[in-house]
Amino acid sequence: MGNQAAITLKNLTKSYGSSRGIIDISFDVNPGEVFGFLGPNGAGKTTAIRTLMGLIHATSGSAQVLGVDALKSDPLLRQNIGYLPGALNLFQRQTPLEMLTFLSNIRGVDCEKKIFEYASRLKLDLHRKIDELSKGNRQKVGVIQAFMHSPKVLILDEPTSGLDPLAQQEFELMLDEVKKQGTAVILSSHVLSEVEHLADRVAIINDGRLLVVDSIANLKQKATRKIELFFDKPINPSDYTSIENVISAKSYENSLTCTLKGHETDLLRQAVKDSVITVQTHETSLEEIFLDLVQKAGQR
Amino acid sequence: MFSDHWKSLLAWGAVIVFMVSIQMYVYPSVASSGDAAQQLLDTFPESIRKIFRIEDYASGPGFLSVELFSMMIPLVMIGVGLTWGANATAEEEEDGTADILYALPLSRTSILMSKVLAILTALLLLSVAAFIQIVALRGFASLTVDTVNLAITCFMQFLLGVFFSAIGFLCGALTGKKSLSLGIGAGFAILAFLFYSLAPMVDTFEFTNPINPFQWTVGENALIEGINFLSAAKLALSSVAVYLMAIFTFSKREMRS
């Protein structure tokens, strides 16, 4: 497959008449990459994922997974995909072991070792009836059925929903392991700190349209952020507002708070000239970037 | 699915065996009353006698035809066929497990084909249970019935079940809802039975006979007349056609999560 992307969406559109679907969604996910897929409720994340899985049919556009047209619902392709649905429902009358064995039999893959390994790591009782399990434990069954056959592509819709912090931590380790093995992962989540921690790149979707696709580092670099500078004397803010990338500057006694977008080289150069004592930077979180982008999109 | 529903199959099998046993137990007293029972039935309106194929009630075929093959066994076969058919195409969507099942490396068609096979097996087992129970008890009940005609009749009941399972299958594929599919299927069955029962009385409805599944099965009275190949072919081919429509519809279906 070489450098070819594991997943490629091109102008993927799913319309439901007058109600919202997804419009012209395009992105790539590379092997060994965790790709965060973010958006408010109803933004279209699940619609995009279910279209990619062939559960619903695209109106237009294309989607390729591992070089195969994913919209043609090729069963062989799904052999290499692990999918965890957002609205997870399991076979209630079975135990996790029965259900996972049933699914691995259908896949024609012996997953017994993996099932027991993951169940032990996530602390899941494989022998209780699924309808007796808590939401968190059911979610663990969902996670295991997505991971157990070592797929080349993982599509995870809200994977940590209902998981306790220990299981979340274990899940993150599992994800890290498969990433190192070259698995391409789409991770749709509301837990932005989790995505920030796990994802290499993110796509943010709102009202069915993509707002941005970029690495988290680039997004942070491009985001508006604050820097506080402390001097041994009061500073005139107007000396700083004219500096490249600085949007605003406010002084208070011997400190100066600047908001800026982009690199801070010129700002720091000026600060050094003014004998700056301390610099405090406030790193913009993915959550702040997300809220900023979605709010701006809503104002348009 | 077959393993999921084996309890239900066993229960329906028990119902059939019980129904047959009761009727076989009753038959000796009907046969001994002979003319009296027939005279009573002769007082029924001609239309009722036609609907229930009441001819020579005291004879083995006449009795089985009225008591089992005109109403009771068709009801079970239609009920099982419709329910299993509708479940096959609507169950996972309604339970929310469609996203797991249809994301597996199997085509929708192959999943449906395995379900069709399970339904056909279940219906065949039920009709075989009826056949075996009648054959087993006919000596005890001193009931004379031609074995070949009985086998044909049971097979026609199987085909009736298959036809209605195909209807349930199609309704499930169209709506994705079990109860709605059952409602539509049951409505269709009632309507078909209504036309079938009205046709002998009202000439206007006679045109429906050649296209009515009740006429193809119950109406042919295979216990006495033997097989009617045209009716059997109509039932089998229309079942295949409805199943194919259902599979096509399902392959295009937008799965609800």
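Predicted model: local features only at pLDDT ≥ 70, side-chain atom pairs only at ≥ 80, totals over all residues.
A residue is called buried if 20 or more other C-beta atoms lie within 10 Å of its own, exposed if 12 or fewer do, and partly exposed in between.

**Stop 1: A:Asp214**

Select A:Asp214, which lies in strand β10 (residues 209-215) of chain A. Is A:Asp214 buried, exposed or partly exposed? It has 15 C-beta neighbours inside 10 Å, and therefore A:Asp214 counts as partly exposed. A:Arg201 is 13 residues from A:Asp214 in sequence, while their C-alpha atoms are 5.4 Å apart in space.

**Stop 2: the sheet**

Now widen the view to the open sheet of chain A, in which six strands follow the order β6-β7-β8-β3-β9-β10 with mixed pairing. At its edges stand β6 (81-84) and β10 of chain A; each has a single partner strand, so one side of each is left without a neighbour in the sheet. On average, neighbouring strands of this sheet are turned by 15 degrees against each other, direction ignored.

Within the sheet, select strand β3 (residues 34-38) and strand β9 (residues 201-206) of chain A. These two strands run parallel and are joined by four bridges. Which residue of β9(A) is the bridge partner of A:Phe37? The partner is A:Ala203. Then show helix α11 (residues 286-299) of chain A, which packs on the sheet and touches β3, β9 and β10 of chain A. The direction of α11 makes about 30 degrees with that of β9(A).

**Stop 3: the nonpolar cores**

Select A:Ile144, A:Ile155, A:Val185, A:Ile186 and A:Leu187. In the largest nonpolar core, which has 75 residues, these five touch the most other members. Keep A:Val185 in view: apart from its neighbours within four places in sequence, its contacts are A:Val34, A:Phe35, A:Leu154, A:Leu156, A:Leu175 and A:Lys179. A second, separate core has 66 residues, including B:Trp12, B:Phe69, B:Trp84 and B:Ala141. In soluble globular proteins, nonpolar side chains tend to be buried together.

**Stop 4**

Turn to helix α4 (residues 112-122) of chain A, where A:Ile115, A:Tyr118, A:Ala119 and A:Leu122 are buried. Why are they on the same side of α4(A)? The reason is that they cover an arc of only 100 degrees around the axis. These buried residues pack against α3, α5 (135-147) and α6 (165-180) of chain A. On the face of α4(A) turned away from its buried side, look for the exposed residues A:Lys113 and A:Ser120. After α4(A) comes A:Lys123, with a positive phi near 55 degrees.

Then select helix α1 (residues 45-52) of chain A. How many of its eight residues are buried? Eight of the eight are buried, among them A:Lys45, A:Arg50 and A:Leu52. Just after α1(A), A:Gly54 has a positive phi of about 75 degrees.

**Stop 5: where the chains meet**

Finally, display both chains. Here 18 residues of chain A are in contact with 14 residues of chain B. On the side of chain A that touches chain B, the elements giving two or more residues are α2 (75-78) and α3 (96-107) of chain A. Coloured by type, the residues of this side of chain A divide into twelve nonpolar, three polar and three charged.

Technical notes:
Residues numbered from 1 in each chain as written. Chains lettered and ligands numbered in written order. Contact = placed C-beta atoms within 7 Å. Nonpolar A, V, L, I, M, F, W, Y, C, P; charged D, E, K, R; others polar. Pairing = 2+ DSSP bridges. Axes fitted to C-alpha atoms, helices over the stretch in contact; angles between N-to-C directions. Core = buried A, V, L, I, M, F, W, Y, C linked by C-beta atoms within 7 Å. Arc of directions from axis to C-beta.
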